[in-house]
Amino acid sequence: MSTFTNPSTDGRNGTANRTMNGTMNATKNGPRHGAGNASTTEATRRPRLSGMTWLVWRQHRAAFWTMIAATVLCAAWMIYQRAQMMDFLDAYGFPAKNLDDAQKEFEPYIGAFTSVTTGLTAIPVILGVLLGAPLLAGDLENGTAKLIAAQSVSRNRWLATKLALTGLAVTVTTVTLSAVFAWWWNPIKLHYPDIDWTSREFFNTTGPAPVALSLLSVFGGVLIGVILRRTLAAMVVTLGFTVALQAVWGYFKLSLGDIVTATSKISPGTPITFPSVPRTAYWLDTSYVSGSGKLFDVNTTCTPMVREEVTAACMKKAGIVGASTDYIPISQMSSMQWFGASILFALTAGIVVFLFFWGRKRLV
């Protein structure tokens, strides 16, 4: 019998035999001396994310954790402020009592809105500059892109994972903040006319608007970073891009709604009565209307004179038979936001497609 298989043989062969037998037995019968518990513990400690997703998360975990923490803190603050406001409204007797009679007492709660909306309107700019611009520019600048390109993972998969994880983080953050802020504002939305719902502080922070603005800002910053390949330069240019985006959005957003015209008619020569509009509507323009349908500017036509009869005579001579007011009701706010957001989402999708068909060639 060979000494290699003899368990009683001393020396190298005996040692090797005992080692192999022990290893084989351990493999067949399972780990010995608590190794099973150690393996189980190691398996449970293994991160749930794996592969490229884990790599991207680890690479940008500081930014992602900062976004999560800031979202939680801001949402908690808005929930607290809403509770404070609702306590005041319940004690005041709202909505049975009009808030017009509590302007001074309600000012602190309007101030709370102002302080929060200032930060919320800056989110697209902050995310575009601090998250979007360095996302790929940093990898291109420090050589990480070349290292990843040399691995078995394709550039398409790396780019897709980067954009998908970043887009998910941005969407979750902005949707959460938008929903909580809308929940805070809704109790007085239709009852407090001093808040301009078309302003960027309210129009850009509720509904799909902040999500669309943030995604376009971030992915626009990513594209700028791929083009410039320098982090600092990309951040500076992205700052200008996001500010310009906000300005263009603010200029065109009112054109997303349908203008409603209210008119009033009078007999020639009698005092003009202007049509009434909803209290929370956004007023655009008011004009005098002649019998032929011609519009006259109220500031230059028959301005109030010393005597009413003189003004009435002027109105009669001009043939003015009524007045019209153009406005956009607050009921159109949601449809305007979704219409505008669909345009921004389409632009964002175009940037993503461009990154895959052109930008991926520069990721080396």
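Residues are numbered from 1 along each chain as its sequence is written. Because this is a prediction, local features need pLDDT of at least 70 and side-chain atom pairs count only at pLDDT 80 or more, while totals for chains, interfaces and linings use all residues, and side-chain values use heavy atoms, with hydrogens and water left out.

**Exercise 1.** Work out how many salt bridges the whole structure has, and which parts they tie together.

*Solution.* 
1. Start with the criterion: a side-chain nitrogen of Lys or Arg within 4 Å of a carboxyl oxygen of Asp or Glu.
2. Searching the whole structure turns up three.
3. Take Arg 279 and Asp 100, whose closest N and O atoms are 2.6 Å apart. Arg 279 sits in the loop between strands E1 and E2 and Asp 100 in the loop between H4 and H5, so this pair links parts 179 residues apart in sequence. (Helices, H or I of at least four residues, and strands, E of at least two, are DSSP runs numbered from the N terminus.)
4. Next come Lys 162 and Asp 139, at 2.5 Å from N to O. Lys 162 belongs to helix H8 and Asp 139 to helix H6, so parts 23 residues apart get tied together.
5. Finish with Glu 201 and Arg 200, at 3.8 Å.
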